[in-house]
Every structure is written in C-alpha cells, then in structure tokens.
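Please keep the sequence and the model in view while reading.

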Amino acid sequence: MLMNIYYIKFFLSRMICLFCFSKKYRKKIRNFFIGPKQLYFDDIDSKIPSGILKKIQSVNNEHFIGINKLCSGKHEGFFSFDLESKNPKSSLNPWAYIRVKNEAITLRASLESILPAIQRGVIGYNDCTDGSEEIILEFCKQYPTFIPIKYPYNVDINNPKEDINKFYYYCNFLMKYIPQNEWLVKIDVDHIYDAQKLYKSFYIPRDNFDLVAYSRMDFIYKNNDVYIRRFPKFGCLNNVGNDQFLIKNINLRWQENRDIIGKKIYYLEKMNIKRYKIFHTELLNYHFPCEKIRKHNTIDDVELISVDDFMKNDFFKYKSYIDVKLLEKEKILSFKNQFDYSKFDKKEQYDTKDYIF
C-alpha cells in the first residue's frame, strides 16, 4: 500500500510539472510530493530482523578488518550473518562500483574498510601514475571477487578530444561489468567507511526504484588537528547530495554533465534519478578530499570548524543521524596512520582552486 501511495504521488508530481516551465519550481514540486526521506538510527535498525541485528551489533569493524588483512581468497564480514546476502540479486549483496585515478594515499585503507560489508566489486582505473594501479592489482589478487578494469583511453575533464575521453563515457564503460538487475553501491576511495553501518544500509531498499543516498562529511587534517568542512548551503553534513548511492542496475546509464566555472568547462557525469524514491542515511563514512595529491593545495580555500568546536556548538543539530562515536577525534586522527604518504609528491599537484570537491 505504501508503494502504491508513493507512485500516485510520483505521477501526480509529473502531471503538475508538465504545466510548469521553471526548472527551479519543478524541482520544488517534486520535493514536495516525493522528496527524499532522511532516515535516523531507529529507522534503519527497524528494517533488520532482530536476531540478525543482534549478531551484526555483536561484532565491530576492526574484528573483520584484522581477519581480512591476513586472508587470501574469500574474505569475511557482516554478510555472513544473513543467508540472503548470498543471493546475487539481493540488495544485501551489491557490487562495489569504484573509480580510481591517482589515489594511492587513501586507496588501500579505503578498500579494506569496505570488505566487512561488501563481497564483490569492480575497480576501474585510468591514467594512474602514483602506484594506484599496483595497489588495485594486488588488492584484487588477494580478494579475487573484486575485478580490476583498466580504462584503455585517457580521461580529460577539461578538454576531451572525443567521447571516449569523456568521464561519463568511462563511467558507462565500467557499468558494463555489472550484471543487469543486480544492485551496486558507488564507492569513492578517498573515504573510509564504517562497514557495520554500511552493511545495515543495504536493508533499506524494498523496491526496484528505491535509492539509498549516503550522507557525507568532509574531514581535513591541518596543523596536527582535524577539522570539518562547513558547506555554505547546508552546514557540516552533506545529506542533500546524491554522489554516493545504492541502486539497482536496471539499464543504468551515466549522462554527460558540463559544469561551467569561471572560464573553464568541466566535462563530468550525472545520472537521472528523478523516478527513484530516495532515502538519505545516517553518517557512515569519513571523506578526506584533501588527502588527494591533486587537491592538497585547496586546504586553505574552504571554511573549516575543528571537531572539538563542532561537538560543542553544532552536534546537537545532527544527533539523530550522526553516531557520536564516529566523531571521536582520536579515531579520526588514527586514519592518518593508515594512509600511505610515501606516495605524496608535491610535483603532482595542480591548480584546482576553482573546482575543489
């Protein structure tokens, strides 16, 4: 019945939008009728059978990460607690959809963080000069359910010569390796994931056109301390964007998206998700954008608040969908020890001040 109500609202919003010529107001109409739903702790846990939830919560991420570091072949994770996770068509068993370019500093730590939640994946990479390719091949050899895919053409987001050099084309090339009617979760490797929370989010979809969008918080290391980026439009937590998501591969296609910033055109990608029912999750990952070599010189270009000040002054706004344990400063600082700064080379930096994140 709930799904029927949703689709009634969906088609009603589409009918009204036919008579509205303003893109801005069409978006407001869609949000009014079928706008994204923000999920809280209890919302997500209530979707998991109580016996399985108890098992999931009895083991922490570090338990599985430690085991998986030593294994070769089949890795272990929270998915072992539910037989449905063996079903390749289930949202509990999504493909990781991963794209990499010169992210060797955070790459291995990020991939290891998802293992307790995700059983399989495709790792596409292009134009890597910092050792990322070697890390990917080594990782996929140790965990063979992850498939390395090298894109055979150069990708240029500023001045692509042909379609094959455009980012959206590369994204669709990688999509060919994920079977139709199976789920995928888009993973970015400048993130560290809380695998327990990530796996629990796989219980959210109930319909083929449900989309789970992952909230994001940006963490910056500066002056031996850790800071959070404050976004001008929505504060410290980006729970309105849909950059990372869990979605079913039903003829999914990326489209070209051109962003004009200053005098530059950026040839990027987008996916049309207007027909989807969107759920925004609690915070379950840490984004470290400035650990990328090419973005390290943008640290001073964004508004920051220290974690300590955030906890004193801002946390109360987000306490329903940010687990306070995630923001323990020592825990966040500990990730720095997992990153491979031997790959850091200032010569590889280039100016991205007009397109930071």
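## A serine and its helix

Serine 110 is found in helix H6, which covers residues 104-114; helices here are DSSP runs of H or I with at least four residues, strands are runs of E with at least two, and both are numbered from the N terminus. The model is predicted, so local features need pLDDT of at least 70 and side-chain atom pairs count only at pLDDT 80 or more, whereas totals for chains, interfaces and linings use all residues. Residues are numbered from 1 along each chain as its sequence is written, and side-chain values use heavy atoms, with hydrogens and water left out.

Serine 110 counts as buried because its relative accessibility is 1%, where buried means under 20% relative accessible area, exposed over 50% and partly exposed in between, with a 1.4 Å probe and protein chains only. Apart from neighbours within four places in sequence, serine 110 is in contact with Asp188, Val189, His191, Ile192 and Tyr193, contact meaning heavy atoms within 4.5 Å. Ten of the eleven residues of H6 are buried, so this helix is largely enclosed by the rest of the structure; among the buried ones are Ala104, Leu107, Ser110 and Ile114.

## The sheet and its order

Eight strands form an open sheet with mixed pairing, in the order S1-S13-S7-S10-S5-S2-S3-S4, two strands being paired if DSSP finds at least two bridges between them. Its edge strands are S1 and S4 (146-150), each of which pairs on one side only.

Helix H7 (residues 132-142) packs on the sheet and touches S2 (95-100), S3 (120-125) and S4, its direction making about 150° with that of S4; such angles run from 0 to 180 degrees between N-to-C directions, and the axes are lines fitted to C-alpha atoms, for helices over the stretch in contact. Helix H8 (residues 167-175) lies across S2, S3, S4 and S5 (183-187), running at about 145° to S2.

## Strand S7 and its partners

Strand S7 (residues 210-213) runs parallel to S13, to which four bridges join it, and pairs with S10 (residues 245-248) in the antiparallel sense over two bridges. Valine 212 has phenylalanine 279 as its bridge partner in S13 and stands opposite leucine 246 in S10, while aspartate 210 is partnered by lysine 277 in S13.

In a regular strand the side chains alternate between the two faces of the sheet. Both faces of S7 are covered, with Asp210 and Val212 buried on one side and Leu211 and Ala213 buried on the other.
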